[in-house]
Amino acid sequence: MDLSTLGGQFLGTIPLGDIVLYLTTFNLFMFGAALVFTAIIAMSRTESQVEAEFGTLNEREKKVSKDEFKIRRFLSIVCGLATAGAMITGDLFNFTLFVCLIGIVNIGIVAAVKEVDVLDSAFQYGIIAMIATLPLFGGAASILATTGTISLLELVNIPTSAFMLFSSILLFIGVAGESGVAPFFATKAEMFRTAGSPFLVIIHLSSLLVIVRIIEILLIINKPFGI
Amino acid sequence: MNLMADILLNVTVAFFVGSILLGLQRKVMARIQMRPGPPIIQHMLHTLKFFIKETVFPRTAAMPFYVAITIILCAIWVAAVIIGPVTHGPLLLLFAIFAIHKIVEHNAGSSSGSPYGKLSCVRAVFSAAAELPLFAVLIIVFIQTGTMDLNGIIAYQAEHGALLFTLPLTAMIFIVLIISKSYYYSPLNITLARDIVSGFETEHFGTLRGFIMISEAIAWYMLLWIFLTVFLGALTPIEYLIAMVILTAIVGLINAVTPILNPNHSVMTEVTLAFIGIVGSLLMIFFL
């Protein structure tokens, strides 16, 4: 199989030590999107939530304090850069590391808020993310053990075996847990109720972009009908 | 044709056709409900009207994020037109645009500080499970055709016949997706449900709303274009137009006669239909 079959025109590689980055139209677009969002987040203020008080004519305004703002902005930038890295890395192990980092900073972004429901949701998501590291790294390690490489540029030329298919399933479960998508999304949705819109976007952005990327990776590892 | 002229032409066509189709959808719904309904150019008139209205910014908004998000929304759909009708690029990239659209939808809502926008934002996250059909379509089409390149998919269909007949359940999943992303009173589109006013669009006014409406028109055109190209292959412009009108009328009919589901029911309906479609399609590929 050719990488251009999946991601469009192959634009070349960036050999950066063991992190061999490769660029197709798809990877470049996703990388660019992650960086654009990160740049906008870095320069944005947060919104304030205005809610009517029950039983009176008053209203309540929820704002993000300066200290909370600083730490959340920092973690959002880290998350954005990790997402961008996950989009163009050509190394499966680096991909799993980036995904793991995304999981950690996602919890950090909402950990500073003082709303019980949001913290409870972050705690539950944290447990799932921690459990998911086992299949995540286990999947990548199994692929290394089966094929002798974790370079996607090499894996694309290696015929798929049954154990590679099993490893891919482990990898997918790991990514689904780390990024908190279906069926784990229910634990994560409550995290978005808090104020701090620019920071929350990166939680959602990282999850969906990582899921789109893992589909490309799974199709690179498993070549249906020997394509 | 010059590439820039080609892009300009296709984006303009996508906007005008998408606007007319959204107007047609409202007209169909109105006639079913025994109302005269707005003229079919209403969506386009609204879009143009918003560009000459005063743009106001809520005191609570997250600036400049609140403004940038509408421009990003417009930019990704212009990019979709370039990847789709102009260059026939990879399908994976078009689906990445759908994923980014979901994120933009989410944050257009929450960046304003409005509780309605916030609820729409939480629902956008909750309905991320509904993106499952999107990825299922992608993978099943790849398994069947061996490529994600739109030119390759079109060539496959020229040789083996339309995928609509080979993968009818996958086409069904995509139809569910189209219904879930339709704008007016969709039973499945929980982010724009009327119980939260206009969802993520509630607090965007003037020019910003104009950008959102341009994006809506292009997004609707692109959604139908992808369905027709992936499941019927290369069509002439007239065939595309006729098929788009038929699909929009069907969606209008469904939206007019079905209640708007609550978030849990909407997500579970989409996931259940996706599951049936995925298992059925895989069984058809491997055993028929």
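Predicted model: local features only at pLDDT ≥ 70, side-chain atom pairs only at ≥ 80, totals over all residues.
**View 1. Overall confidence and the architecture of chain A.** The predictor assigns the complex an ipTM of 0.82 and a pTM of 0.87. Chain A contains 9 helices and 4 strands, which follow one another along the sequence in the pattern α-β-β-α-β-β-α-α-α-α-α-α-α. The C-alpha trace of chain A spans about 70 × 30 × 30 Å along its principal axes. For chain B, the mean pLDDT is 86, and 98% of the residues reach 70 or more.

**View 2. The side of chain A that touches chain B.** In this interface, 41 residues of chain A are in contact with 41 residues of chain B. On the side of chain A, helix 1 (3-7), helix 2 (25-42), strand 3 (49-52), helix 8 (185-189) and helix 9 (197-221) each supply at least two residues. Helix 9 of chain A provides the largest share, 12 residues. By class, the residues on this side of chain A divide into 25 nonpolar, 10 polar and 6 charged.

**View 3. Packing of helix 3 against helix 9 in chain A.** The axes of helix 3 (residues 66-88) of chain A and helix 9 of chain A come within 9 Å and cross at roughly 15 degrees. An angle under 35 degrees counts as roughly parallel, and these two helices of chain A are therefore roughly parallel to each other. Helix 3 of chain A passes helix 9 of chain A in a left-handed crossing. From helix 3 of chain A, the contact draws on R72(A), R73(A), S76(A), C79(A), G80(A), T83(A), A86(A) and M87(A), which meet F199(A), I202(A), L205(A), S206(A), L209(A), V210(A) and R213(A) of helix 9 of chain A. The residues of this contact comprise 8 nonpolar, 4 polar and 3 charged.

**View 4. Packing of helix 4 against helix 5 in chain A.** Helix 4 (residues 92-111) and helix 5 (residues 116-147) of chain A pack at an angle of about 175 degrees, and their axes are 10 Å apart. The two helices are therefore roughly antiparallel to each other. Helix 4 of chain A contributes L92(A), F93(A), T96(A), V99(A), C100(A), G103(A), I107(A), V110(A) and A111(A) to the contact, and helix 5 of chain A contributes V118(A), A122(A), Y125(A), G126(A), A129(A), T133(A), L136(A), F137(A), A140(A) and I143(A). This contact of helix 4 with helix 5 of chain A has 15 nonpolar, 4 polar and no charged residues.

**View 5. Packing of helix 3 against helix 10 in chain B.** Helix 3 (residues 65-86) and helix 10 (residues 206-232) of chain B pack at an angle of about 25 degrees, with 9 Å between their axes. These helices of chain B are therefore roughly parallel to each other, and helix 3 of chain B passes helix 10 of chain B in a left-handed crossing. On helix 3 of chain B, the contacting residues are V67(B), T70(B), I71(B), L73(B), C74(B), W77(B), A80(B), V81(B), G84(B) and P85(B); on helix 10 of chain B, they are L208(B), F211(B), I212(B), I214(B), S215(B), I218(B), A219(B), M222(B), W225(B) and I226(B). By class, this contact has 17 nonpolar, 3 polar and no charged residues.

**View 6. Helix 3 of chain B and backbone features of the loops.** At 1.5 Å a residue, the 22 residues of helix 3 of chain B should span 32 Å, and the end C-alpha atoms of this helix are 30 Å apart, which agrees. The residue H88(B), which follows helix 3 of chain B, has a positive phi near 50 degrees. In the loop between helix 2 (42-51) and helix 3 of chain B lies P64(B), and a cis peptide bond, with omega about 0 degrees, joins M63(B) to P64(B). The loop between helix 1 (3-32) and helix 2 of chain B holds M34(B). Although M34(B) is not a glycine, its phi is positive, about 60 degrees.

Technical notes. Residues numbered from 1 in each chain as written. Chains lettered and ligands numbered in written order. Axes fitted to C-alpha atoms, helices over the stretch in contact; angles between N-to-C directions. Parallel < 35°, antiparallel > 145°, perpendicular 65-115°, else oblique. Left-handed = near helix turned anticlockwise from the far one by under 90°. Contact = placed C-beta atoms within 7 Å. Nonpolar A, V, L, I, M, F, W, Y, C, P; charged D, E, K, R; others polar. Expected span 1.5 Å × (residues − 1). pLDDT = per-residue confidence, 0-100.
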